[in-house]
Amino acid sequence: MKKGIAILGSTGSIGKQALEIVSIFPSRLRVAAFAAKDEVDLIVEQVKKFQPRLISVLNDDVKQKVEAKLAGVKVEIVTGLDGLIKVATVADAKTVVVAIPGSLALTAVLEAVKLKKDIALATKEVLVAAGDIFMNEAKAAGIKVFPIDSEHSAIAQCLRGEDRKTIKKIILTASGGPFLKTPAEKLAQMTAKEALKHPTWKMGPKITIDSASLMNKGFEVIEAHHLFGLDYAQIEVIIHPESVIHSMVEFSDGSIKAQLGAPDMRVPIQYALLEEERQANHWGRLDFGKVPSMTFQKPDKVKFPCLEFAYEAGKKGGTLPAVLNAANEEAVSQFLKGKFNFDQIPVKIKAVMDQHQNKEAPSLADILAADNWARTALV
Ligand code: MG
């Protein structure tokens with residue numbers, strides 16, 4: 001039987017690749033609904049190709065433009081946060097792909113969990129800011145959570161058939177980001193303009209800076225804590241610039257399992273959407289003849305303090321991880337506007353974390369309030 005899926009964020013990078021997987025497995029998957037923002041032409045193309053019965057767009061203006069280009073096509077179009085929730089809770093979807101940023105995702109994903117939808121999760125904020133709430137609700141509802149992130153998919157694959165009690169630790173690999181080899185003094189003084197000139201700038205500014213500062217890896221540490229129920233002391237990060245090993249698990253007997261493959265997000269997306277069933281695909285495979293070496297090094301904590309901030313926020317818990325996430329978003333945004341140099345990003349984030357009055361066992365409202373506060377507290 002075809003599984004219905006709803007995609008939150010169909011026009012983003014993950015959403016587009018999720019749709020590609022649907023088109024490769026038409027007898028297995030079908031798009032029940034999707035939510036997108038305002039890319040009118042792409043939205044129209046996706047509706048025509050995947051024929052969802054419901055879509056949600058940013059606002060009425062976008063809705064009218066989409067409707068005008070979809071004359072005669074049968075699809076219900078809704079808007080705003082209500083619309084997003086309608087897509088996340090659509091009756092004929094078994095799984096919801098969550099690939100939109102921020103607090104919007106948080107609200108929508110919790111509504112989906114209440115209706116017992118399985119979640120294929122790409123949005124980092126859900127686990128970083130509200131990991132306890134999300135995982136508790138997921139457990140109570142008895143749903144499955146499939147990570148859409150190469151590291152967490154790797155860990156989940158390594159854990160298949162294993163007793164979780166035998167996990168000694170997990171080892172998250174990190175590429176080290178585009179500035180791994182940049183000397184510390186030069187990195188510290190780097191401006192947004194210089195960063196934008198960097199040849200490896202391919203992923204979009206926010207994620208590239210998060211990858212350069214290792215904050216992205218820090219968020220993944222917090223995600224792993226929640227997804228796999230591990231203590232922070234059991235989560236290690238190792239720099240592996242070749243990105244051939246996507247992550248590893250060490251067991252009580254000293255054995256280590258790793259998941260390797262060509263770095264292609266479609267692999268973890270397919271694995272998630274097909275509920276961990278392995279099916280042939282047609283894209284590139286790893287050729288060890290073309291991997292001259294695999295190298296590893298410990299992360300430089302002085303050069304990349306953000307990684308430690310994530311461990312600190314994760315261990316303290318409460319509203320602090322949400323504050324970390326929001327302060328980072330604000331700091332990166334200001335950095336990209338040229339307001340300060342790279343070395344000020346961690347300084348600004350730390351100042352906000354230190355000022356924050358942490359609230360334990362927060363509600364969703366507490367988390368959203370802490371997020372708001374952190375953005376205004378960053379100066
Ligand atoms: Mg990742």
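Buried means under 20% relative accessible area, exposed means over 50%, and partly exposed is in between, with a 1.4 Å probe and protein chains only. K350 has a relative accessible area of 23%, so it is partly exposed.

This is a predicted model: local features need pLDDT of at least 70, side-chain atom pairs count only at pLDDT 80 or more, and totals for chains, interfaces and linings use all residues. Residues are numbered from 1 along each chain as its sequence is written, and side-chain values use heavy atoms, with hydrogens and water left out.

Let me stay with K350. Its salt-bridge partner is D354, with the closest N and O atoms 3.0 Å apart. By salt bridge I mean a side-chain nitrogen of Lys or Arg within 4 Å of a carboxyl oxygen of Asp or Glu. Both residues are in helix α15 (residues 344-355), four residues apart, or about one turn of the helix. Helices here are DSSP runs (H or I, at least four residues), as are strands (E, at least two), numbered from the N terminus. D354 is exposed, at 53% relative accessibility.

Helix α3 (residues 60-69) holds another pair. K65 and D61 form a salt bridge, the closest N and O atoms being 3.4 Å apart. They are four residues apart in that helix, so about one helical turn separates them. K65 is partly exposed at 44% relative accessibility, and D61 is partly exposed at 42%.

Next, E308 and K301, whose side chains meet in a salt bridge at 3.9 Å, N to O. E308 is partly exposed at 32% relative accessibility, while K301 counts as exposed at 54%.

How many salt bridges are there in the whole structure? The search finds 30. A network of them links K3, K94, D118, K144 and E275.

K303 sits in the loop between α12 (266-273) and α13 (306-316). K303 is buried yet has no salt bridge, and the nearest side chain of opposite charge, D300, is 5.6 Å away. For charge, Lys and Arg count as positive and Asp and Glu as negative, with His and the chain ends not counted. What does the side chain of K303 reach? The backbone oxygen of T182, at 2.7 Å. That is a polar contact: a pair of N or O atoms within 3.5 Å where, within protein, one must be able to donate a hydrogen and the other to accept it, and residues adjacent in sequence count only if both atoms are side-chain atoms. Neighbours within four places in sequence aside, K303 is in contact (heavy atoms within 4.5 Å) with F179, L180, T182, A184 and L187.

On to the metal. The magnesium ion has as protein donors D149 (OD), E151 (OE) and E220 (OE), lying 2.2 Å from it. Donors are N, O and S atoms within 2.8 Å of the metal (3.2 Å for Na, K and Ca), and water is not among the atoms, so sites may look incomplete. The sequence spacing of the donor residues is D-x1-E-x68-E. D149, in the loop between β7 (145-147) and α7 (150-158), and E220, in helix α11 (residues 215-228), link distant parts of the chain, 71 residues apart. D149 is buried, with a relative accessible area of 10%, and E220 is buried at 1%.

Last, the domains. Bounds come from an automatic or database domain assignment, which gives domain 1 (3-148) and domain 2 (152-176 + 214-315). Their C-alpha centres lie 26 Å apart. Across the two, 27 residues of domain 1 are in contact with 25 residues of domain 2.
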